[in-house]
Every structure is written in structure tokens, then in C-alpha cells.
Amino acid sequence: MAGPIKNLPIGQILVENGFINEKQLGEALEKQKTSNGKMLGDVMLEMGLVSETQLAQALSIRLKVPFVDLASVQINKDAVMKIPEQTAREKTVIAFDMNNNRLLVASNDPINFYIFEELKVKTGMEIVPQISTKTQIEEAIGRFYSQQTVNKVMNELDDEAAAAAQLNQVDVQSGERIDNAPIVRLVNTMVETAFRINASDIHIEPFKTRTRIRFRIDGELVEQEAMKVSIALHNSLITRIKILGGMNIAEKRIPLDGRFGMKIDGVNLDVRVSTIPCVYGEKCVIRLLSTADEKTRKITDLGMTDYNYEMFKQIIRCPNGVMLVTGPTGSGKSTTLYATLGELSKPNVNIVTVEDPVEKKIDGVNQCQINAKAGMTFAAALRSILRQDPDIIMVGEIRDGETADIAIRAAITGHFVLSTLHTNDAASTIVRLVDMGVAPYMVASSLVGIIAQRLVKLLCNECKETITLTDPADLRLVSQDKPVQICQPHKGGCKKCRGTGYSGRTAIHEIIVTSNDIKELISKGATAEEIGKKATENGTLLLRDNVTQMVLAGRTTMDELVKATYTV
């Protein structure tokens, strides 16, 4: 921060407001001495003593500049557009409201007067600075300007198609003109927009009269009304994506796979591309993976309850054995495995993983990529890894009997093995392993724990509504016999949840710790029902129980309960 200010130092304000204590302030001041002239606030952020919001609020008190929470204020789009996107990104500022000739601007450096002088000249308005966090400003810039970019690109595409049709210069139908600048910008804008609204996949689907673009957000596909592309431009769009993904642009008859990297808002993005021929052209799905060399998330941040976390800790304390994470595709199994590796990764442990593909790079973990063409299959890689003196082995997925057999043998010979499997619940995982051809006595002696999981959507805290549940069938689902109060999404949602009524997702878990009595049942070849019953007696909370607790606590809805756990 520029300029000498005679008020209280920032550290003192943080202490007075109870954000940190004197001891923590002392530690931060010590660290600041060796940090090459870093601001005290930045040092405390790095140490994790305060959040960005707390720091901004303390600065707000010290500098006597109002604090604005951009996530909860109504942002005026006309005000946003007063500042050009490039300037907003360069200076980390966003205009969020205006009245008469005054423009309210959020900045994380509200006493850098040069910025505001420049904005005054650019906009011709009186600038009123307010303080906000860098993260909130960057998120708002991404959200508001990308919508404008989408509109601009779509207009350019329409103009180009109209001009081409008039002049007959380009055979638009063949769509092979791939140096099309608007098409290039459309693909970039599409990926950027998807990343900024936390979409995991982009679907580009050709139909008779239009190309539909949908984003998968929180597990649901949402059609992007702003991105209506004419079918005439579909081939150009797919060709551009294929060029980016290093795929064969001449081959349209068979499914193709590719990948490319992009950097958006300072985050390195790994983008996977898959195309498949359909009736009206090629359908393309783009998956966005943040390569995130940053720290992996803790297992408790992923929604595991304290009760389940205690059971989870029992499993990962074992020096050897197999731990399996199970659930359908897209239920967050890999994320749980990465979080587990984060808990297990220590300087004195050798961790080796075999993955297809490597989704997140973790510091201190040796990660191997499967390459079937070159003969690097799961089974071949696992055999080689056993010669690499590992302590912990992570296998991306057990797909066949051979991989299952080697993984279980590795566990019996003294290694800790983590992997995933596609099954519906924890108990049926054991039966699946036996079906794959692994002898029951080997499963019993090697398996230490199974975690079954699902993802459920969380209700938006801003607009959820309370209702009373009275239907006997519904009450049975939540194990109640008297009417209870639960929550439901507000129809049409609110600004914060983008009109969906939901905000984010969390994982629910069902954990079986294979105690001696369960091992005995496995050796005898017991059914999934018998194993499940014994596990429940031993304290396993079923997926249904976990999501029921969330419904009764008003965190999620009956619809999500049914979607995640309903069986006939």
C-alpha cells in the first residue's frame, strides 16, 4: 500500500477485530523480516492466518474506504462496461455501480491514486474507490466481460456467415475455412466462459437446423442460450477444436481423442477433447481439468463428516492392504484418492501412481501415465512399479481381473494400495472382486477398507425455502413418522446461484472397515446383503443415512436424496 498512514498498523487492527492473536502477529512479523520486503498482509495470507476477506475488511477500517462484497451486491452491467476489459484486468478493478456522474469502482489497492486518475480520464466520470478482495474482483471481471465477449463473437459469426452467403466466396456448408478469426475466438471464449462458471464439460451437438452448446455445471447439463451457432458453421467449429487438440481434421468417420493446454486467469488448464460421428456431423465433448499443481484439497474439505473421517483414518493407518473408493462415473472418486494421497504423502514415503490419464500433478508423488499403444497397460505398469521399492501404490482404476489380482498380491506382500472400482455400494465391491476372479481368501486377507461415494448438490443458502414434509412415503425415505421441516430450492433461484436454486456440490460417503468378522464372511463367500448387514452392525452409516441427515439439516433436497440413493 502506498503513502504513510498515521492510523493503526494493519496487524493491530486484525488483532483488535479478533481475526488473529498477538502470538500469530509476532510470528508474521518475524517471517516478514526474511520475506524480501513483502507486505505484512501478504505474509499473513501465505501463512494462512487470515482470509482475503478479513484482510480487505481490516484495510477498509484502516484506510477509511468502504468494503464491498462483490458476491452479494447487484452489479450494474452498464457500469461494468464503462471500463474497457483490458484496463480492468491490468489494474484489477471493476466498476459495479453508478449514479449521476459517479462511478463506484472496486479495487484491492484503493489508495493507488494513479489508477483512479487514469480511470477518470478514460470514463469522464468521478471515481469512487471501494475495497474488495483480488479473488472477488477477478471472478467478477471473468463473469461480466466474458458474457460481452460471447455476444460480440456471436455477432461477428452471424455477420461473416451473411457476407459469405451473399458473395458466395466461401462454401460455408463445407466449412473448411478454419483460419476463420471469429471461430477461433468462439472456441477460446467457450472454454474461458465454461471455466469461469465452474463447468466440467462442454458438449457441442449438431442437429438438423442448429448446433447446440451445453455446459455441465454441478452435474447438470445447461444449454447456453447466448451461444446459438448455425449448423453451417458446425464443421468449422469442430475443425478448429481438432487443430487445437492435435487430431486428424480429415478423419470424420471414427471417434477421435485429443488434448491441449490453456491458461485462463493464471490457472493452467488441461483440456481433453473427444469427437464421435453422429447423423448431422461430429458431436464433440470437451472436458476441462485444472492441472492444479497447487495443494490437493483435504479430505474433510470434500464433505466427509467427522464420524466418517474417524473410520477413514482407521483405514489409512494400516501399513499394508487395499483401500478401494467406489461409485459411478463422475462421483468424485479420483478427487478422494488425490486427497488421500495428500494425507499420506510424507518425505519418508515412496508413493507411485498408475493413472489413465494423470489428472492432477501432486508434488512429491511419482505419477505414471498409461499408454496402451506402447504396451504400458495397468497390469504391465503395476508389475514394474513393484520393482520400484514403493510404500504406497495408487492404481487409477481396477478394470479387469489381472489388474485386480496384481493389486491384491501387492497388498499381501506389504504395500498399501489405493484404487477405484465402479460399484453401487461398499458391500457389493467385495462380491465384484470375487467375480473378477480373485480368490475370496485373498480378498479377505488384503482388503482394509471400502469407501462408496456420491455427489449431491447443495441448496443455495441465500434463497432456499422451508417446507413441511407430510407425505408418508416421503417421510419413510427420511426415516421419520411425524411431519418434519425440510428445505427446497426457490423456484427460479437467485443471482448468487445463477437461477438454479443450488450452489456447489459435496460428497456423501459409506465406509466399511473390514474387521475380522467381515473378513470371515468374505472367506465364506457371503452375499453383499450379509456383508452390508454386518458392516451396519459395526457402525457403517449407509449413503442413505448420510444424505438423510443432510436433508433434515436443510442442506440438500429430497430430489437429491432420491437421485443419489434410490434403488427399487
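Me: Before we start, what counts as a disulfide here?
Reply: A disulfide is a pair of cysteine sulfur atoms within 2.5 Å.

Me: How many disulfides does the structure hold, then?
Reply: The structure, which is a predicted model, holds zero disulfides.

Me: Is cysteine 487 buried or exposed?
Reply: Cysteine 487 has a relative accessible area of 10%. It is therefore buried, as the limit for that class is under 20%.

Me: And what about cysteine 460, buried or exposed?
Reply: Cysteine 460 also counts as buried, because its relative accessibility is 2%.

Me: Changing topic: what is the average pLDDT of the protein?
Reply: The average is 85, and 93% of the residues score at least 70.

Me: In which elements is confidence lowest and highest?
Reply: Helix α8, covering residues 134–167, is lowest with a mean of 74. Strand β11, covering residues 321–326, is highest at 95.

Me: Which contacts does the model have for residues 1–6, where pLDDT stays under 50?
Reply: For residues 1–6 the model has eleven contacts beyond four places in sequence. Residues 169–176 also have pLDDT below 50, and that stretch has 13 contacts beyond near neighbours in sequence.

Me: What separates the C-alpha atoms of glutamate 156 and arginine 505?
Reply: The two C-alpha atoms are 36 Å apart, and the residues lie 349 positions apart along the chain.

Me: Now cavities. How many of 30 Å³ or more does the structure hold?
Reply: The structure holds two such cavities. The second largest cavity contains about 30 Å³ of space.

Me: Which residues line the second largest cavity?
Reply: The lining consists of Asn235, Ile238, Thr239, Lys242, Ile249, Lys252 and Glu282.

Me: Which element gives the largest share of that lining?
Reply: Helix α10, residues 234–244, gives the largest share, with four residues.

Note on methods:
Residues numbered from 1 in each chain as written. Predicted model: local features only at pLDDT ≥ 70, side-chain atom pairs only at ≥ 80, totals over all residues. Heavy atoms only, no water. pLDDT = per-residue confidence, 0-100. Helix = DSSP H or I, 4+ residues; strand = E, 2+ residues; numbered from the N terminus. Contact = heavy atoms within 4.5 Å. 1 Å grid on protein atoms, 1.4 Å probe; cavity = no way out; pocket = protein on both sides within 12 Å on 5 of 7 lines; lining within 4 Å. Points joined across faces, edges and corners; volume = space filled by probe spheres on them. Buried < 20%, exposed > 50% of the residue type's maximum accessible area, 1.4 Å probe, protein only.
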